[in-house]
Amino acid sequence: MDIESIKSADGTLRISQEVIASIAKYATLEIEGVGSVSTANTGVKGLITKTNYLKPIKIELVDDVVNVELNIVVKQGYRIPDLSAQIQQNVKNAIQSMTGLAVAKIDVIVAGLAKASDSEEAE
């Protein structure tokens, strides 16, 4: 578990990658059109076995800069480029405001498309 340390005159603040990932997850789920933050299946074996190989959120800390990779499932009917831009902006704002760390990039990987629920089909 990597921990980012921020030193001040009063002491040291440590923020784990798991906390940054949680912030990114909640900020992503706030965006209308995101079905879930999900893991992605890779390769033919993943498609057959439904085994998840990737973490839903990958955080990389380099110096005081954060790089984020998100795997999401998009709800039907939403434009993916617009949704991705909203996610990137919301996640960047949330991480920077809550931790004080700079965010260099946020990669959004669309891992799937959510099926319409029964209640949405009835409308």
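**View 1. Strand β5 and its antiparallel partners.** Strand β3 (residues 34–37) pairs with β5 in the antiparallel sense, over 3 bridges. Helices (H or I, at least four residues) and strands (E, at least two) are DSSP runs, numbered from the N terminus, and two strands pair if DSSP finds at least two bridges between them. Look for V34, whose bridge partner in β5 is V74. Strand β4 (residues 57–62) is also antiparallel to β5, joined to it by 6 bridges. Follow the chain from β4 to β5 and you trace a hairpin with 2 residues between the strands. D63, in that turn, has a positive phi of about 55°.

**A note on reading these views.** This is a predicted model, in which local features need pLDDT of at least 70 and side-chain atom pairs count only at pLDDT 80 or more, while totals for chains, interfaces and linings use all residues. Residues are numbered from 1 along each chain as its sequence is written, and side-chain values use heavy atoms, with hydrogens and water left out.

**View 2. Strand β5 beside β6.** Here β5 and strand β6 (residues 102–114) run parallel, joined by 11 bridges. How many of the 11 residues of strand β5 (residues 65–75) are buried? The count is 8, so the strand is largely enclosed by the rest of the structure. Buried means under 20% relative accessible area, exposed over 50%, and partly exposed in between (1.4 Å probe, protein chains only).

View 3. Is N67 buried or exposed? N67 counts as buried, at 16% relative accessibility. Leaving aside neighbours within four places in sequence, N67 is in contact (heavy atoms within 4.5 Å) with K58, I59, E60, V62, A104 and K105. K92 lies 25 residues from N67 along the chain, yet their C-alpha atoms are separated by 9.8 Å.

**View 4. The largest nonpolar core.** This core has 25 residues, and V68 and L70 have the most contacts inside it. A nonpolar core is a set of buried Ala, Val, Leu, Ile, Met, Phe, Trp, Tyr and Cys residues joined through side-chain atoms within 4.5 Å. Beyond four places in sequence, the contacts of L70 include A24, T28, I87, V91 and I106.

**View 5. Two salt bridges.** A search of the whole structure finds 2 of them (a side-chain nitrogen of Lys or Arg within 4 Å of a carboxyl oxygen of Asp or Glu). R79 meets D82 at 3.2 Å, N to O; R79 is exposed, with a relative accessible area of 55%, and D82 is partly exposed at 41%. In the other, the closest N and O atoms of K105 and D107 are 3.7 Å apart. K105 is partly exposed at 44% relative accessibility, as is D107 at 31%.

**View 6. How confident is the prediction?** The mean pLDDT (the predictor's confidence in each residue, from 0 to 100) is 82 for the protein, and 74% of its residues reach 70 or more.
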